[in-house]
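Visitor: Hi! Could you walk me through this structure?
Guide: Happy to. Have a look, then ask away.

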Amino acid sequence: MGGLSVDPTTFFRSDGKRVSGRAVDELRPVKIEAHVLENAPGSCYLEWGKNKIVAAVFGPRECHPRHQQRQDRAVVRATYNMNAFSVEDRKRPGLDRRSQEISKVVSEALAAVVLTAPFPRTAIDVYMEVLQADAGTRCAALTAAAVAVADAGIPMTELVAAVASGKVGGTVVLDLDKYEDNAGEADLPMGITSRTHRVVLMQMDGNFTTEQYHQALDYNFAAAGVLHEKQRDALRSRYQTVAARQPQEGGAEAEDPGASSEEE
Ligand code: UDP
């Protein structure tokens, strides 16, 4: 975030729309697909504007190193990685402070919706790979990760989606792209749950007036509702695909596995 330029014409057209053609409260196009990887129990591919993210989930499985185990619950360990080729200037590979920070806040957000108590001493590992970045990747990564966790069949109390609002040229706008983020004056990413509408991730750069802050909250809550619906759609179509496949793959037994095991 630059914060130097405040000339509104840099960000807004004469019709009040942003240079990208979006309205101030308009999300970039979002596409979510569940179960895209063969070798992970749960996965998700998400495109959000120019952001492209894949998430994979493993577990609950034995927790190594053992000192990370918790006697009363599973630990949720999320790892966010930005690929070297995901940004314009090559990103130096490996863990840096930014990815550690994002991994931590995403782990905590997911732990707030995953039922960890039934799986003591285990780990639930969530990997998020940013293939292409255009600002808002922590939100996109958490949104994808939640779908991947659900796809893995791990019990959750509800879904979580994340979105940011920010300020450009003195105006609050939803979902900054990289162009806006570069010179943005504030940024407020939030993770919001789908049923109880809890805020499970919240970070802020820059500054808002009280009024602008409330506007940003309103934009984020409304957009999270849209994202929750897209997450549900992705999971629904995943299970419709599974249901449609079952009779061919397993015949009558696959339709009612409980009945067949009782006969044995
Ligand atoms: N970015 C980059 N190189 C980096 C880190 C970030 O080019 O090493 C870009 C990338 O497009 C990212 C954006 O800057 O999406 C904003 O980064 P920020 O740290 O604000 O996180 P994000 O908005 O992606 O959650």
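Visitor: Which residues of H1 are buried?
Guide: They are Ile 102, Ser 103, Val 105, Val 106, Ser 107, Ala 109 and Leu 110. A residue is buried if 20 or more other C-beta atoms lie within 10 Å of its own, exposed if 12 or fewer, and partly exposed in between, with C-beta atoms placed from the backbone. Keep in mind that this is a predicted model: local features need pLDDT of at least 70, side-chain atom pairs count only at pLDDT 80 or more, and totals for chains, interfaces and linings use all residues. Residues are numbered from 1 along each chain as its sequence is written.

Visitor: What do the buried residues of H1 pack against?
Guide: They pack against strands E4 (75–82), E5 (122–132), E6 (160–168), E8 (186–193) and E9 (199–202), and against H2. Contact here puts the C-beta atoms of two residues, placed from the backbone, within 7 Å. The H and E names are DSSP runs numbered from the N terminus: helices are H or I with at least four residues, strands are E with at least two.

Visitor: How far does H1 reach?
Guide: Helix H1 covers residues 97–111, which is 15 residues, and spans 21 Å from its first C-alpha to its last. That is close to the 21 Å expected at 1.5 Å a residue, where the expected span is 1.5 Å times one less than the number of residues.

Visitor: OK, zooming out. How many helices and strands are there?
Guide: The chain has 5 helices and 10 strands. Its radius of gyration is 20 Å, close to the 18 Å that the globule rule gives for 264 residues, so the chain is as compact as a globular protein of that length. The radius is taken over C-alpha atoms, and the rule is 2.2 Å times the number of residues to the power 0.38. Buried residues make up 42% of the 264.

Visitor: Which residues in the largest nonpolar core touch the most other members?
Guide: Ala 55, Leu 110, Val 126, Ala 141 and Ala 145 do, in a core of 73 residues. Helix H2 (residues 137–151) gives the most to this core, with 11 residues. A nonpolar core is a set of buried Ala, Val, Leu, Ile, Met, Phe, Trp, Tyr and Cys residues joined through C-beta atoms within 7 Å.

Visitor: And what does Val 126 touch?
Guide: Leaving out residues up to four places away in sequence, Val 126 touches Ala 55, Val 57, Val 76, Arg 77, Ala 78, Leu 110, Ala 145, Ala 148 and Val 149.

Visitor: New topic: which residues are around the ligand?
Guide: Val 87, Lys 91, Arg 98, Ala 133, Asp 134, Ala 135, Gly 136, Thr 137, Arg 138, Lys 178 and Asp 181. Each has its C-beta atom, placed from the backbone, within 6 Å of the ligand. H2 and helix H3 (178–183) each supply at least two residues of this shell.

Visitor: How many of them are charged?
Guide: There are 6 charged, 3 nonpolar and 2 polar residues.

Visitor: Where is Ala 135?
Guide: Ala 135 sits in the loop between E5 and H2. Its phi is near 75°, a positive value in a residue other than glycine. Ala 135 counts as buried, because 25 C-beta neighbours are inside 10 Å.

Visitor: Last one: which residues does a cis peptide bond with omega of about 5° join?
Guide: That bond joins Gly 59 and Pro 60, and Pro 60 is in strand E3 (residues 51–62). A cis peptide bond also joins His 64 and Pro 65, with omega about -5°. Pro 65 lies in the loop between E3 and E4.

Key: Nonpolar A, V, L, I, M, F, W, Y, C, P; charged D, E, K, R; others polar.
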